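Here is a short walk through one structure. It follows a group of strands and then a pair of helices.

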Amino acid sequence: MLVISEPNDAAGTISAATIHIVRGCDSILRLQRVLADLSVKCGQPGVMDDVGYFLSKPGTLRRVPHLLLFSKAPVLDLERVTAEDLLGAVLLYRYMVLGCGIGMFSTNDRSGRGTLVAPAALRSSLAEMATRSLMDRGVLAVLISFRDGTEYPQEGSDKSQPLLASTVDDKRARWVWRDRVMPDYLPLEETFDGTLAKLGTRTRRNMRYYRKRAEAELGCVFLPIVQIDKREFLNFNRECMYAVPQKVASWRYESLQCIETPLFMGIKDRNGRWLSMLGGRRHDGGTEILWQMNRSGLSPYSLSIVMRSYFMEHEIAHGMTKLYMEGGTAHPMRFSFINDKVTDLVVVRRSRVGLVVPRLAQLFIKPDNDLALMLLDKSLYGSSPNGSRRLASHEEEAG
């Protein structure tokens with residue numbers, strides 16, 4: 001377990017805060033109960049539940065998780081630490097190539113829910129403190145995505161929001177703040193029909209139509225608990241649309257054991273052949289779809305919609321009130337989701353070495369990754385009177 005303490009000065013209640021860095025999955029997992037308690041204390045219940053699942057999530061590059069703990073005590077005994085000892089926590093990942101760090105730290109959660117845990121009033125300050133601490137250690141680039149706790153106005157309300165302004169004037173690095181709005185969760189009503197009534201007309205019709213069609217023509221049967229060995233699971237993955245690499249499929253199967261309340265559901269046809277499987281979890285009164293696999297060759301039956309229909313009905317019957325989708329969804333049902341605001345803070349070092357950051361992003365990070373999108377934005381490297389510029393939001397770019 002690697003623990004590094006660094007003193008920091010900041011205004012208000014965090015003026016005497018110290019940052020303690022914990023490196024590696026095993027060391028962080030030992031603090032899982034503390035992180036869960038801290039989440040409740042900070043009004044973010046559930047955001048650090050099942051952290052082991054996200055720590056082990058495969059990526060294009062190897063990533064080493066780093067947990068930055070904020071406390072008022074200069075020395076922290078990690079064997080006895082409790083949530084009461086902490087002001088907050090930030091979970092970031094260091095990108096590695098051939099066993100060496102490439103000088104980039106990033107969140108692994110574009111939703112911003114499970115990155116930063118702190119009282120709402122302290123979140124922006126702690127994000128900045130964490131970034132400064134890493135930059136002081138020679139890091140080239142940092143991206144932190146988090147929820148600052150301000151409520152985003154929903155449909156029918158005044159959506160005017162002041163832009164998050166950067167006051168940073170740093171000759172060593174360029175600081176950029178960006179706000180973006182993303183669908184957060186679908187409210188689940190007391191009944192399945194009541195929930196469908198809140199969806200768009202086309203989505204509502206498709207959920208009913210394709211489910212009835214699959215039952216009539218395929219003999220579709222829903223299984224709320226899938227019992228399958230790993231070999232059969234991997235074989236099914238190879239027969240699916242958008243089959244994932246075997247490494248990822250193995251992780252999906254094994255990682256459900258790391259979840260406190262896992263969900264593993266599926267549907268079969270009349271001959272006992274698997275049509276679709278879905279992995280998820282429950283936390284803090286909500287239910288979340290983590291991944292879904294659908295047999296190829298059956299596109300006319302929209303198995304994804306059929307599986308989600310069964311899943312929603314089952315979870316509503318078990319008292320769940322919110323439906324999350326890890327990684328988001330492109331399905332039109334997202335338009336019925338409650339929106340929330342996510343703040344991205346990206347910092348790139350001003351140096352000749354820092355100029356290689358865009359090239360590293362092109363070579364090693366998937367082009368649809370938020371870190372790559374921000375690091376490849378040319379405005380990040382332009383001139384600015386106070387040393388910072390705000391990136392356009394997705395809505396501004398689309399306009």
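**Strands and a helix pair**

Strands β4 and β5 (residues 100-106) pair in the antiparallel sense over four bridges; strands are DSSP runs of E with at least two residues, helices are runs of H or I with at least four, and both are numbered from the N terminus. Two strands pair if DSSP finds at least two bridges between them. This is a predicted model, in which local features need pLDDT of at least 70, side-chain atom pairs count only at pLDDT 80 or more, and totals for chains, interfaces and linings use all residues. Residues are numbered from 1 along each chain as its sequence is written, and side-chain values use heavy atoms, with hydrogens and water left out.

Arg94 has Phe105 in β5 as its bridge partner. Two residues lie between the strands in the hairpin of β4 and β5, where Leu98 takes a positive phi near 55°.

β4 also pairs in the antiparallel sense with strand β3 (residues 62-71), over 10 bridges, and Val90 in β4 stands opposite Leu68. With strand β6 (residues 116-117), β4 forms an antiparallel pairing over two bridges; here Val117 in β6 stands opposite Ala89. Of the 12 residues of β4 (residues 86-97), 11 are buried (under 20% relative accessible area, with a 1.4 Å probe and protein chains only), so β4 is largely enclosed by the rest of the structure.

Turn now to the helices. Helix α7 (residues 230-238) packs with helix α8 (residues 246-255) at an angle of about 130°, their axes 10 Å apart. Axes are lines fitted to C-alpha atoms, for helices over the stretch in contact, and angles run from 0 to 180 degrees between N-to-C directions.

How values were computed: Buried < 20%, exposed > 50% of the residue type's maximum accessible area, 1.4 Å probe, protein only.
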